[in-house]
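Please open the structure in a viewer and keep the selection tool at hand.

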Amino acid sequence: MSLTSAINTAQTSLSNYATQSNVISRNISNSTDPNYSRRDAVLTNSLIGSQGVSIQRAQDTALFFRSIADTSSASAQDTLLTGLSDLKNILGGNDYESSPSVLIATMRDTLATYAAKPAESTLAQMAIADAVTVANGLNDASEAVQTVRYEADKEIKRQVDTLNELLARFETNNNRVFSGTQTGKDVSAELDERDSLLKQISSIIGVTQVNRSGNDMALYTSDGVTLFETVARPVEFQPSSGFSASLQGNQVFVDGVPLGSGQGANTTGRGSLQSLIQIRDDYAPAMQSQLDEIARALVVSFAESDQSAVPVLPDMPGLFTWAGGTIPAGATIQAGIASTITVNPALIQSLGGNPTLLRDGGINGAAYSSNPTGATGYSSLLDAHVLALDEPIAFDTAAGLSPSASLMEFTAESIGWLELNRKDAEFASESREAARFRSVEALSNITGVSLDEEMSMLLQLEQSYKASARLISAVDEMLKTLIAAAG
């Protein structure tokens, strides 16, 4: 090898080492960035035998797409679990202490005590107070359910706005990736940014990616609707100003196609949007229907009937009444009745009412009185009220529970329905989060930065650099010797 060739080889090596060191330094500085993919500086040989450095971006397309799918799935399940937990909190949390089941059971016990001592006016007032607590509990729960729907609706709007923003950024980024690829530019940084945008988009809505020539990419929802193809497609949603038991939420449209909600506690939804729709349009309305059926059953169970020898007057609300002021139709959900149910003012002493009418009847006039003489030992009507809470009645199947059950059974079943769905959602959330963690970890092992490996390579480069430097020193000494000999 000539001295000139030796110097050129050493210079090339030093240049390559500098490039490789720069890449390693870049990796180390970005080691904490989860959206950064490791760069590898790989030595390559040209056709004429010279060495160069090719910078490659670590990637695993299949594993990345798997992590995107797992992110969508985990986000949907976590959002659903949060919504179901919010519904549970309405009823008092872990012990369901403010649920209709607990409140009505307390009222029943007081009624039973009053029936055993019908002459005790204090017990009459306690029974009315418990009934007021039941009515207020239903009012508050109904309002809280609609608040959950309203908050979900607002979150849908926020996430739709965020999604449109992300899609617009994705369009800009994808154009840079495509044009840079066409001109031979290094687009590693742009690819990192695009992957980051995909992760954020997938947490909101299920995404299917299609890679096309030139590093171009198209995005579709998990249902096949176009999200991005050359240009970002609009995602549209009109939020509601408020909710009631009879008000439905507006749909989310992706490129003009309505986005469906997830189904089941182990939700079929992908991304948080579908689970938010599921809470707003499925679970919260189902809970509202159950509250309405409980309220309807209370009005019916405590209704007053004409006590005449030949009854001619219709049944009327007794202990409980509501905005409609009538006896609701049997086995038919009266939407919103839980929000307006109250204790009849004729029984509330502070409003000028008489609590003992609960024992005697006659809230709607003398024709409805079961104890016209006012006998203090009369308890038949109170006994009938207590028994009515445990007698089977018909419920609307649209409430999602048993079509025939006692009121106490129905309220307990309502708690069981909510808790079963929440538990199933919790178990599914843990499983999906574990799957997401494993796929993200596996991807990180392939594309992430290991400081130990980078430092090891940096030490190897340092040794190689020293070898090249020694070669240059040796050539320098030989040149000095030649010059001295020639002189």
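Which elements are included in what covers the buried residues of H9? The cover includes helix H3 (100-116), H6 and helix H8 (357-360); buried here means under 20% relative accessible area, exposed over 50%, and partly exposed in between (1.4 Å probe, protein chains only). This is a predicted model, in which local features need pLDDT of at least 70 and side-chain atom pairs count only at pLDDT 80 or more, while totals for chains, interfaces and linings use all residues. Residues are numbered from 1 along each chain as its sequence is written, and side-chain values use heavy atoms, with hydrogens and water left out.

**The whole chain**

Display the whole protein chain before selecting any part. The chain has eleven helices and 13 strands; helices (H or I, at least four residues) and strands (E, at least two) are DSSP runs, numbered from the N terminus. Of its 487 residues, 44% count as buried. The accessible surface comes to about 22700 Å², and 53% of that surface belongs to carbon and sulfur atoms; such areas come from the Shrake-Rupley method with a 1.4 Å probe, and for residues only the protein chains shown count as cover. Among contacts between residues at least 6 apart in sequence, 64% join residues at least 24 apart, where contact means heavy atoms within 4.5 Å.

**Helix H9**

Select residues 380-388, which form helix H9. Leu 381, Leu 382, His 385, Val 386 and Ala 388 are buried in this helix. They lie on the same side of H9, because they cover an arc of only 165° around the axis; the arc is that of the directions from the helix axis to the C-beta atoms. An α-helix has 3.6 residues a turn, so residues three or four places apart point the same way.

**Helices H6 and H10**

Next, select residues 272-301 for helix H6 and residues 407-447 for helix H10. How do these two helices run, parallel or antiparallel? Their axes come within 10 Å and cross at roughly 170°. Axes are lines fitted to C-alpha atoms, for helices over the stretch in contact, and angles run from 0 to 180 degrees between N-to-C directions. H6 and H10 are therefore roughly antiparallel to each other; angles under 35 degrees count as roughly parallel, over 145 as roughly antiparallel, 65 to 115 as roughly perpendicular and the rest as oblique.

To view the contact, show side chains on both helices. On the H6 side, the residues include Tyr 283, Met 287, Ile 294 and Ala 297; on the H10 side, they include Leu 407, Phe 410, Trp 417 and Asn 421. The residues of this contact divide into ten nonpolar, four polar and one charged. Ala, Val, Leu, Ile, Met, Phe, Trp, Tyr, Cys and Pro count as nonpolar, Asp, Glu, Lys and Arg as charged, and the others, Gly among them, as polar.

Remain in helix H6 and select Ala 297. This residue counts as buried, at 0% relative accessibility. Not counting residues up to four places away in sequence, Ala 297 touches Ile 393, Phe 395 and Leu 407. Ala 331 is found in the loop between strand S10 (320-321) and helix H7 (337-340), and counts as partly exposed at 29% relative accessibility. Its phi is near 55°, a positive value in a residue other than glycine.

**Pro 317**

Select Pro 317, in the loop between H6 and S10. Is this residue buried or exposed? Pro 317 counts as buried, at 4% relative accessibility. Among the residues that it touches are Val 299, Gly 325, Ile 327 and Asn 364.

**Asn 215 and Asp 216**

Move to Asn 215, in the loop between strand S3 (207-212) and strand S4 (216-221). Asn 215 is partly exposed, with a relative accessible area of 32%, and its phi is near 65°, a positive value in a residue other than glycine. Leaving aside neighbours within four places in sequence, its contacts include Asn 174, Leu 191 and Arg 194.

Finally, select Asp 216, which lies in strand S4. Asp 216 is buried, with a relative accessible area of 14%. Among the residues that Asp 216 touches are Asn 174, Phe 178 and Arg 194.
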